[in-house]
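Here is a friendly look at a pocket and some aromatic rings. Have the model open as you read.

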Amino acid sequence: MDKHLQDYISSNFKYEDGKVIRTVSKGNQKAGSELKGCINGKRKGEQYYATTLRHEGKRYKVFLHVVVFFLVNGYVPETVDHIDGDSLNNEPSNLRGATHKQNCQSRGTYRNSLTGYKGVSYHKATGKYRAVLANKHLGVFDTPKEAAQVYNEKALTEFGEFAKLNIIK
């Protein structure tokens with residue numbers, strides 16, 4: 001988000017009681033009205049509330065989680081991460097600044113995972129389960145649970161608070 005748009009947002013909106021509120025009337029949008037967004041994206045976990053702002057003849061598509069983070073914290077980080085993984089939960093307590101790499105580290109298991117665990121795949125050649133973290137081979141194991149546990153331990157060490165851990169069943 002460029003500085004010009006940040007200035008516009010900070011002078012025309014505020015975050016209050018879980019809502020982004022317009023502070024200045026513009027056209028048919030009155031001061032005190034809520035800035036709402038439409039869900040952008042088709043897949044659960046990849047959907048975000050987005051809206052279009054018009055300013056000085058230009059249209060800007062903005063994501064509401066970025067606007068909320070900016071209004072509450074006063075800056076726009078490289079990426080805004082949803083701590084609980086729910087991309088539609090834009091409460092300030094659920095948002096944190098992150099680098100692109102950190103945001104990728106906090107992603108969950110892929111939908112097409114055959115094992116149900118992040119960082120774990122079936123290794124046909126050995127008939128065992130392989131654990132991998134950030135393209136680093138962590139070993140092969142008899143069960144997917146064992147591989148997931150090793151992944152979790154290494155992810156905590158490598159990624160800290162941004163680690164998305166497997167729930168071992």
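The lining of the second largest pocket divides into 11 nonpolar, nine polar and three charged residues (Ala, Val, Leu, Ile, Met, Phe, Trp, Tyr, Cys and Pro count as nonpolar, Asp, Glu, Lys and Arg as charged, and the others, Gly among them, as polar). This is a predicted model, in which local features need pLDDT of at least 70, side-chain atom pairs count only at pLDDT 80 or more, and totals for chains, interfaces and linings use all residues. Residues are numbered from 1 along each chain as its sequence is written, and side-chain values use heavy atoms, with hydrogens and water left out.

Of the 23 lining residues, Tyr110, Lys118, Gly119, Val132 and Tyr151 lie nearest the pocket centre. A pocket here is an open set of points on a 1 Å grid where a 1.4 Å probe fits, with protein on both sides within 12 Å along at least five of seven lines, and lining residues have an atom within 4 Å of a point.

Now to the rings. Pairs have centres within 6.5 Å, with planes under 30 degrees apart stacked, over 60 edge-to-face and the rest tilted.

| Pair | Centre distance | Plane angle |
|---|---|---|
| Phenylalanine 69 and tyrosine 75, edge-to-face | 5.3 Å | 85 degrees |
| Tyrosine 122 and tyrosine 129, edge-to-face | 5.3 Å | 65 degrees |

Phenylalanine 69 is buried at 4% relative accessibility, whereas tyrosine 75 is partly exposed at 43% (buried means under 20% relative accessible area, exposed over 50%, partly exposed in between, with a 1.4 Å probe and protein chains only).

Note on methods
Rings of Phe, Tyr and Trp (its six-membered ring) pair if their centres lie within 6.5 Å; planes under 30 degrees apart count as stacked, over 60 as edge-to-face and the rest as tilted.
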